[in-house]
Structure formats: structure tokens, C-alpha cells
Amino acid sequence: MHDLSKVDRRILALLQQDGRLSVAEIGRRVGLTPSPCADRIKRLESMGVIKGYQAKLSPEALDAGLVVFVQVRLQRTAGDAFEAFTEAIELIPEVEGCHLVSGDFDFLIKARVKDMSHYKTLLAGSLLQLPNVQESKSYPVMETVVARSGIIL
């Protein structure tokens, strides 16, 4: 892990909470003037610790209120099977995340859709058509209990 000072970590925590804070406000909260604060932020960006800035959007307002987790098992896992699958899954816009996992299944997918009808179309028309897919199990989310987007610093 990068050598990060307490001030660096406080800056990162503030930016995780609100990426729109001004450099002056961040500096005020961590006890720095704007110029050294801006230098620290630029250094954290150049080190790759800060990878970018995003807006938090309302899934419901954008007709993407249903989250479905999907476990996928591939027919084969040798050769280029994983690569073919991962290249194809990246092209599906409803897929919010896809993770290679150990256990009974090969991949865990997080998809966002409008409703179950949309998910049924996504499953039959896209997910099950991906290269080497043998089977899948779907878990529609009834309620999100905890959803953190930040990293503990």
C-alpha cells in the first residue's frame, strides 16, 4: 500500500463523502492552505490512489431500480473460455459488475434493470447467450440493507 499520511487519508475520506468539495474547503477541514492541499490531491491522483470522480445517480429515477445478482458457471474453464466470456460481458450495459469467484460458480454478476420483465429479456437474450455459459442462478434483490461505495481508510 502507498505511504499515506493521516492528512492524505483525511483528504481521501472527504472526497469519498463529497467529490465536489472545493480544494479550499478540503484544506480548511484538514488544516492546510489551498495550494498544499491541491498539491496533495494531484499527487494522490498521479499515484493512482484517486482514479476519478463520479456523481451518485438515482437508479429508480433512471429506470434501473431492480438489482439482480447472477451466478454463472461456464461449460469449460480452460484455454480462452474466461477471456471470451469477460470480453462479451463487458458489452452488456445492464451489467454493473462482474467478478471471477471461487466455488461452485465461475462468475458473480451484478445487473441493474427496470423490472423483472426487463431482467427476463436480459437473461434470455444476453446473459445466457454469452460464450461458454453452462448454467446460471439468479437472485433478485428485494431490499438493499447496506450499500457502501467508499473504502475504509
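## Helix packing and nonpolar cores in a predicted model

Helix H1 contributes Val7, Asp8, Ile11, Leu12 and Leu15 to a contact with Cys37, Arg40, Ile41, Arg43 and Leu44 of helix H3, where contact means heavy atoms within 4.5 Å. By class, this contact has seven nonpolar, no polar and three charged residues. Here Ala, Val, Leu, Ile, Met, Phe, Trp, Tyr, Cys and Pro count as nonpolar, Asp, Glu, Lys and Arg as charged, and the others, Gly among them, as polar.

This is a predicted model, in which local features need pLDDT of at least 70 and side-chain atom pairs count only at pLDDT 80 or more, while totals for chains, interfaces and linings use all residues. Residues are numbered from 1 along each chain as its sequence is written, and side-chain values use heavy atoms, with hydrogens and water left out. Helices (H or I, at least four residues) and strands (E, at least two) are DSSP runs numbered from the N terminus.

Two packed helices are described by the angle between their axes and the distance between the axes. Axes are lines fitted to C-alpha atoms, for helices over the stretch in contact, and angles run from 0 to 180 degrees between N-to-C directions.

| Helix pair | Angle | Axis distance |
|---|---|---|
| H1 (residues 6–17) and H3 (residues 34–46) | about 80° | 11 Å |
| H2 (residues 23–30) and H3 | roughly 100° | within 8 Å |

H1 and H3 are therefore roughly perpendicular to each other, a term that covers angles of 65 to 115 degrees. H2 and H3 are likewise roughly perpendicular. In the second pair, Val23, Ala24, Ile26 and Gly27 of H2 meet Pro34, Cys37, Ala38 and Ile41 of H3. The residues of this contact divide into seven nonpolar, one polar and no charged.

Asp8 belongs to helix H1. Asp8 is buried, with a relative accessible area of 2%; buried means under 20% (1.4 Å probe, protein chains only). The side chains of Asp8 and Arg40 make a polar contact (2.9 Å), that is, a pair of N or O atoms within 3.5 Å, one able to donate a hydrogen and the other to accept it.

The largest nonpolar core has 20 residues, of which Val72, Phe85, Ile89, Ile109, Tyr119, Leu127 and Leu130 touch the most other members. Such a core is a set of buried Ala, Val, Leu, Ile, Met, Phe, Trp, Tyr and Cys residues joined through side-chain atoms within 4.5 Å. Strand S1 (66–74), helix H4 (81–89), strand S3 (107–113) and helix H5 (116–125) each give two or more residues to this core. Its largest share, five residues, comes from S1. Another core, of 13 residues, lies apart from it and includes Val7, Leu15, Val30 and Ile50.

Methods:
Buried < 20%, exposed > 50% of the residue type's maximum accessible area, 1.4 Å probe, protein only. Parallel < 35°, antiparallel > 145°, perpendicular 65-115°, else oblique.
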